Each structure stands twice: as C-alpha cells, then as structure tokens.
Amino acid sequence: MGILDRFLARKKRPTIEAEPDIDIAALLEAAKAGDAAAQFEVGSAYHNGYGVPQSYAEAFKWFKLAADGGDVRARFNVGFMYVNGIGTQQSYERGIIHYQKAAEAGDAAAQFNLGSLYREGRGVPKSYERAASLYLMAAAQDSVPALFNLGLMYYNGHGVPRSPEAAIRMYQKASDLGHANAQYNLGMMYLEGECVEQSYEVAAKYFQMAAEQGHIDANVNMGVMYDQGLGIASSPKDAEACFLLASDAGDAVAQFNPAYDTYCR
C-alpha cells in the first residue's frame with residue numbers, strides 16, 4: 001500500500017486550559033439546594049480540579065444528581081463516565097441508558113457517541129443502520145465527527161446505500177468546519193479523481209489544510225507533491241520540510257524519504 005493510499009487518524013495535540021474564575025462555595029450551596037445547573041458546574045469543577053481537589057468520583061456524583069434533575073449536559077457526562085468507567089464502575093448498560101435519554105433530548109454528542117457504540121458493537125448489538133441513523137441526527141446539528149463518520153459510512157456502504165457522492169458531501173461539510181481527516185480524504189478523492197474531476201491542484205489544497213493541523217499522512221503527501229511538482233510548484237526544500245514534520249511525528253515512510261531523496265540526488 002503506497003503512502004498516497006492510507007487513511008490514518010491525525011495525531012491530537014494536547015491543549016492547556018486556564019482555570020476559570022468560579023465561586024465554588026456559592027455553587028456548592030446552590031447545588032446542595034437541588035439546583036441542577038449548579039450541580040453540573042460543581043461536577044465540572046471536581047472533574048477538572050477547579051477550586052476543589054480533582055476527583056472523578058465526586059464529579060460523577062454531582063453529574064448524576066444534575067442528570068436526575070434534568071440537565072442534559074450532565075446526562076451525557078454520566079453516560080460517558082459509565083461507558084468508560086471513570087469515577088464509577090464501568091457499565092455499558094447504564095451508560096447507554098443515559099446516552100439514549102440525552103440523545104432523545106437532542107444532545108448531538110450523545111447521538112454521536114451512541115451511534116459509535118452501535119457502529120462498533122460495544123455494549124449493544126452491532127448495527128450500522130442504527131449508527132447511521134444516530135449520526136444523521138447529530139450531523140443535522142453540524143456535529144463534525146458525525147459528518148466525517150457519515151462520510152466513511154456512505155463511502156463504504158455501511159448502514160446506508162454506498163454513495164461516494166454523498167461521502168464527498170459529508171466530507172465537504174466536515175472539512176469546512178475544520179476536520180483534518182475529512183480534508184485529507186477529500187484530497188485523496190481529488191488526487192484519484194474518484195467521483196470528482198481529478199485535480200492535483202485541489203488535492204494539494206486539501207492536503208495542505210490537513211497538514212497545517214498536524215495530519216501526518218497529509219504532510220507526507222505534500223512532501224511527495226512538492227517533490228514531484230504535482231499540483232504545486234516543485235520545491236525540494238518544501239518537500240524536505242514536509243517529510244521532516246511527518247518524520248518528527250513518527251511516520252516511518254516519511255523517515256525513509258529524506259534519506260532516499262538525499263542519496264539519489
């Protein structure tokens with residue numbers, strides 16, 4: 001399989017979040033009085049260690065109280081913590097109950113996560129059809145991961161009729177919202193002329209967008225395109241820079257390319 005044929009997830013980069021200004025005492029007072037919104041905020045404080053000692057168990061306790069009080073955001077968090085065993089004993093059954101309630105209340109993140117459980121067959125019978133249905137609900141709210149996953153499902157015909165054209169539409173929406181894998185996949189389709197007019201120029205545009213977000217394969221592909229002058233002016237210097245960026249991120253093919261190019265020239 002060549003370097004221009006791979007679909008790999010991009011490497012996520014950690015972010016640093018500043019601690020917000022919160023009046024934890026006032027929040028605790030309101031939370032203990034049964035205010036669901038305050039209970040959610042207290043749960044978030046414990047989850048992140050803002051103003052209180054960090055504790056997933058305490059976070060779960062307060063999120064559960066908020067969820068029982070009707071807070072949909074808390075309902076999603078409780079589902080997530082049950083499914084992943086964070087702050088409580090792992091339980092797909094209980095997590096799915098909370099995801100389902102949040103999804104029915106219109107929470108896009110719950111719709112997406114529940115769809116992913118059905119797609120992977122974790123805690124529920126595997127069902128591409130049910131996954132696609134939930135992804136469609138989330139995508140209608142511009143859920144970027146749901147749009148991307150729908151693109152994959154349309155491309156492969158999983159749970160929906162196979163339609164590369166529909167895949168392109170989903171990828172395009174996700175790409176416009178900044179999804180690097182969608183940008184990369186669009187680049188591949190323009191590179192190969194799959195259901196679109198083949199264009200190295202457009203492929204390079206999408207690869208560049210993904211590469212700027214740290215997508216490893218997009219950087220490798222940009223290196224190849226700079227090296228061969230495909231859709232972009234030939235530039236050995238830029239090719240080497242792209243290969244080195246991908247190499248620093250651990251891509252074995254990119255690690256091979258700079259040495260190969262230097263040896264052959």
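**View 1. Ser 163 sits in a loop and is buried.** With a relative accessible area of 17%, Ser 163 counts as buried (buried means under 20% relative accessible area, exposed means over 50%, and partly exposed is in between, using a 1.4 Å probe and protein chains only). This is a predicted model, where local features need pLDDT of at least 70 and side-chain atom pairs count only at pLDDT 80 or more, while totals for chains, interfaces and linings use all residues. Residues are numbered from 1 along each chain as its sequence is written, and side-chain values use heavy atoms, with hydrogens and water left out. The loop that holds Ser 163 runs between α8 (144–156) and α9 (164–176). Setting aside neighbours within four places in sequence, what is Ser 163 in contact with? Tyr 154 and Tyr 155, where contact means heavy atoms within 4.5 Å.

View 2. Helices (H or I, at least four residues) and strands (E, at least two) are DSSP runs, numbered from the N terminus. Buried residues account for 47% of the 265 residues in the protein. Look at contacts between residues at least 6 apart in sequence, and 44% of them join residues at least 24 apart.

**View 3. Helix α1 packs against helix α2.** Two packed helices are described by the angle between their axes and the distance between the axes. For α1 (residues 24–32) and α2 (residues 36–48), the angle is about 130° and the axes are 8 Å apart. The axes are lines fitted to C-alpha atoms, for helices over the stretch in contact, and angles run from 0 to 180 degrees between N-to-C directions. That makes α1 and α2 oblique to each other; angles under 35 degrees count as roughly parallel, over 145 as roughly antiparallel, 65 to 115 as roughly perpendicular and the rest as oblique. The crossing of α1 and α2 is left-handed, meaning the near helix is turned anticlockwise from the far one by less than a right angle (clockwise would be right-handed). On the α1 side, the contact has Ile 24, Leu 27, Leu 28, Ala 30 and Ala 31, and they meet Ala 38, Gln 39, Glu 41, Val 42 and Ala 45 of α2. Sorted by class, the residues of this contact between α1 and α2 are eight nonpolar, one polar and one charged. For these classes, Ala, Val, Leu, Ile, Met, Phe, Trp, Tyr, Cys and Pro count as nonpolar, Asp, Glu, Lys and Arg as charged, and the others, Gly among them, as polar.

**View 4. Helices α4 and α6 run roughly parallel.** The axes of α4 (residues 72–84) and α6 (residues 108–120) come within 10 Å and cross at roughly 25°. α4 passes α6 in a left-handed crossing. Which residues make the contact? From α4 there are Phe 76, Phe 80 and Val 83, and from α6 there are Ala 109, Ala 110, Asn 113 and Leu 117. The contact of α4 with α6 has six nonpolar residues, one polar and no charged ones.

**View 5. Helix α10 meets helix α12.** The axes of α10 (residues 180–192) and α12 cross at roughly 35° and come within 10 Å. This crossing of α10 and α12 is left-handed. Tyr 184, Met 188 and Leu 191 of α10 make the contact with Asp 217, Ala 218, Asn 221 and Met 225 of α12. The classes for α10 with α12 come out as five nonpolar, one polar and one charged. Asn 221, in α12 (residues 216–228), counts as buried because its relative accessibility is 0%. Its C-alpha atom is 9.8 Å from that of Ala 246, 25 residues away along the chain.

View 6. The C-alpha atoms of Leu 147 and Leu 177 are separated by 9.8 Å, although the two are 30 residues apart along the chain. Asp 142 lies in the loop between α7 (128–139) and α8, and has a positive phi of about 65° although it is not a glycine.

**View 7. Cys 195 and Cys 242.** Is Cys 195 buried or partly exposed? Cys 195 is partly exposed, at 41% relative accessible area, whereas Cys 242 counts as buried at 10%. Cys 195 lies in the loop between α10 and α11 (200–211), and its phi is positive, near 65°. Counting pairs of cysteine sulfur atoms within 2.5 Å as disulfides, the total is zero.
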